[in-house]
Amino acid sequence: MAAAGETVAQVHQGLDSSNKTLLKSEALYRYVLDTSVLPHEPDCMRELRLVTDKHSWGFLQSSPDEAQLLRMLLKLTGARRTLEVGVFTGYSLLATALALPEDGSVVGIDVDRAAYEIGRPFIERAGVAGKVDFREGPAREHLDALLADERNVGTFDFAFVDADKPNYARYHEQLLRLVRVGGTIVYDNTLWAGTVALPPDTPLCDLDRRFSAAIKDFNVRLSADTRVEVCQLAIADGITICRRLV
C-alpha cells in the first residue's frame, strides 16, 4: 500500500492471469497453477487467456484457478441452463460452455461487444458456439427481459456474475427469480483485492473506494439473506457461492 497520505494506485493494476490471487506467497500460487490448474486447462482456454492478458483491461478476466472452479461447480451441480452477467473477452464463458453437456446453454450478457468479439473465434474453434447466446447491453435490462417471460422464471440452474459491482445487489434480486431453488449463483470480486478489510480512511482511488464500499455492503447483505446459503472463498479476487434455498 501507499505511504501515509498517498492515494493507493488502482488495486488491480499490474495483475494478469499469472498473479491474480490473494495468496501472499507468489511461489505458492505458482505451485498451485503449475501442479493442479494449468496442466488441465484446455488449449482453447489457454490461448484466449494469454491473448486477453495483453488487453489493456486484461486484469478483468477470471484467473485460471477460478475458471477451473467454475467448470467443477457446473459439472458437480449438473447444470444445463446457465447465465453469465459480465463476459469481457469470454474466458469464463468459454469455460462454462466447455463444462456444459451437449444440450446445455449459457446466456452471456455484456455491454462491450468488441471485447466479446476477441474471444468469439476461440469459442467457435472449441466447437461450443452453439451453446452460447451472447446479448449486448445493460444486464439489468436483459435480466428484466428474461423475467418478462414466465417460462424463464426459476428455470436456470447456474449463474456467474462478474460485472459492475455497485449493481450486484440489484442483479441478485433478479437472479433469485431466474435461478431455480437449489440452483447456484456465483459472484466474483467479493474481496476486491483485500480492500474490504482495510480501514475506512485508507486513501484509495475513486473507483476502488466506490467498488470496495459496494462489495462490502453486498457481502453483508448476502450473509444476512435467508433465501440463500453462502460460501465465500479467497480464490482469485474473492468468490462467493450462493445456493438458492427458497
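Visitor: Let's start with a pair in the sheet: which residue in strand 7 stands opposite cysteine 231?

Guide: Isoleucine 241 is the one across from cysteine 231. Keep in mind that you're looking at a predicted model. Now zoom out from the pair to the two strands: strand 6 and strand 7 (residues 239–244) are joined by 6 bridges and run antiparallel.

Visitor: Which strands does helix 6 touch as it packs on the sheet?

Guide: Helix 6, residues 139–148, touches strand 1 (81–85), strand 2 (105–110), strand 3 and strand 4 (156–161). Its direction makes about 155 degrees with that of strand 1. Helix 7 (residues 168–178) packs on the sheet too, touching strand 1, strand 4, strand 5 (179–188), strand 6 and strand 7. The direction of helix 7 makes about 155 degrees with that of strand 5.

Visitor: And the sheet itself: in what order do the strands come?

Guide: Read across it, not along the chain. The order is 3-2-1-4-5-7-6, with 7 strands in an open sheet and mixed pairing. Strand 3 (132–136) and strand 6 (228–233) each have a single partner strand, so one side of each has no neighbour in the sheet. From one strand to the next, the twist averages 15 degrees.

Visitor: Do strand 1 and strand 2 run parallel or antiparallel, and how many bridges join them?

Guide: They run parallel, joined by 5 bridges. In that pair, arginine 81 stands opposite serine 105 of strand 2. Strand 1 is also mostly covered, with 4 of its 5 residues buried.

Visitor: How should I read burial along a helix?

Guide: Start from the geometry: an α-helix has 3.6 residues a turn, so residues three or four places apart point the same way. Then check the case here. Helix 4 (residues 91–99) is mostly covered, with 8 of its 9 residues buried. The buried ones are Tyr91, Ser92, Leu93, Leu94, Ala95, Thr96, Ala97 and Ala99.

Visitor: Which residues are the closest to the centre of the second largest pocket?

Guide: That pocket has about 300 Å³ of space. Of its 13 lining residues, Val11, Leu15, Thr21, Leu22 and Ala193 are the closest to the centre.

Visitor: What is phi doing at alanine 193?

Guide: Alanine 193 has a positive phi, about 55 degrees, although it is not a glycine. You'll find alanine 193 in the loop between strand 5 and helix 8. Alanine 236 also has a positive phi, near 55 degrees, and lies in the loop between strand 6 and strand 7.

Visitor: Is alanine 236 buried or exposed?

Guide: Buried: its relative accessible area is 2%, and the cut-off for buried is under 20%. Alanine 193, at 24% relative accessibility, therefore counts as partly exposed.

Methods. Residues are numbered from 1 along each chain as its sequence is written. This is a predicted model: local features need pLDDT of at least 70, side-chain atom pairs count only at pLDDT 80 or more; totals for chains, interfaces and linings use all residues. Side-chain values use heavy atoms; hydrogens and water are left out. Two strands pair if DSSP finds at least two bridges between them. Axes are lines fitted to C-alpha atoms, for helices over the stretch in contact, and angles run from 0 to 180 degrees between N-to-C directions. Contact means heavy atoms within 4.5 Å. Buried means under 20% relative accessible area, exposed over 50%, partly exposed in between (1.4 Å probe, protein chains only). On a 1 Å grid over the protein atoms alone, a cavity is a set of points where a 1.4 Å probe fits but cannot get out, and a pocket is an open set with protein on both sides within 12 Å along at least five of seven lines; lining residues have an atom within 4 Å of a point. Grid points are joined across faces, edges and corners, and a volume is the space filled by probe spheres set on the points.
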